[in-house]
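Hi,

Here is the structure I promised to pass on.

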Amino acid sequence: MSRFFKEISGVFPDAYVHLGGDEVDFSCWKSNPDIQKFMDQQGFGKDYSKLESFYIQKLLNIVASTQKGYVVWQEVFDNGVKLHPDAVVHVWMGGVASGEMAKVTAAGFTAVLSAPWYLDYISYAQDWQNYYKVEPLGFNGQWGWGARRRVD
């Protein structure tokens with residue numbers, strides 16, 4: 001993985017790498033005896049969120065060594081993975097109305113919001129009207145890239 005991300009950092013000039021982490025299905029890990037053995041060796045027991053955290057933390061360290069920033073999907077945050085303070089959390093479910101943005105920013109993370117405009121939710125009607133009604137700053141949390149200001 002280190003070689004892979006080193007190559008990516010040389011090929012792509014972007015400042016950030018999106019590491020994913022959405023929709024992780026623990027049942028795949030539960031069915032793999034090699035994963036079970038590794039978890040036992042690490043002392044994780046049957047807590048698959050600890051395995052996810054272990055993996056994500058390794059990736060964050062690798063990407064940090066390339067001088068790039070990193071973005072993860074909100075499930076990584078929601079699953080309680082220990083993130084580096086400079087990680088960016090990409091909110092794609094719930095967003096402002098659900099309080100997800102407020103939770104992410106209250107924890108001190110910068111967030112990218114795409115939930116209101118997630119195109120998988122198209123119902124082939126007048127969906128586009130709802131996209132224009134969203135106020136991305138309409139949450140009781142912190143906002144701003146780098147600067148943290150409270151919205152009342």
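**What I found**

Phenylalanine 44 comes out as buried, at 12% relative accessibility (buried means under 20% relative accessible area, exposed over 50%, and partly exposed in between, with a 1.4 Å probe and protein chains only). Before I go on: this is a predicted model, so local features need pLDDT of at least 70 and side-chain atom pairs count only at pLDDT 80 or more, while totals for chains, interfaces and linings use all residues. Residues are numbered from 1 along each chain as its sequence is written, and side-chain values use heavy atoms, with hydrogens and water left out.

Back to the rings. The structure holds 8 aromatic pairs; rings of Phe, Tyr and Trp (its six-membered ring) pair if their centres lie within 6.5 Å, with planes under 30 degrees apart called stacked, over 60 edge-to-face and the rest tilted. One of them joins phenylalanine 44 to phenylalanine 38, edge-to-face, at 6.5 Å centre to centre and 75° between the planes. Phenylalanine 38 is partly exposed, at 27% relative accessibility.

Phenylalanine 77 and phenylalanine 109 make another edge-to-face pair, 5.9 Å centre to centre with 80° between the planes. That pair links distant parts of the chain, 32 residues apart: phenylalanine 77 belongs to helix α5 (residues 74-78), and phenylalanine 109 to the loop between α6 (100-106) and β4 (110-113). Helices (H or I, at least four residues) and strands (E, at least two) are DSSP runs, numbered from the N terminus. Both partners are buried, phenylalanine 77 with a relative accessible area of 18% and phenylalanine 109 with 10%. There is also a cluster, in which ring pairs link Phe26, Trp29 and Tyr48.

Now for the annotated residue. UniProt lists Glu23 under "active site", in an unreviewed entry; positions there follow the numbering used here, feature names are shortened, and annotations may be inferred rather than shown by experiment. Glutamate 23 sits in the loop between β1 (16-18) and α2 (26-30). Is glutamate 23 buried or exposed? It is exposed, with a relative accessible area of 57%. Leaving aside residues up to four places away in sequence, glutamate 23 touches Glu75 and Trp92 (contact means heavy atoms within 4.5 Å).

Last one: serine 53, in helix α4 (residues 48-64). Serine 53 counts as buried, at 12% relative accessibility, and touches Val81 and Lys82, again not counting residues up to four places away in sequence.

Cheers
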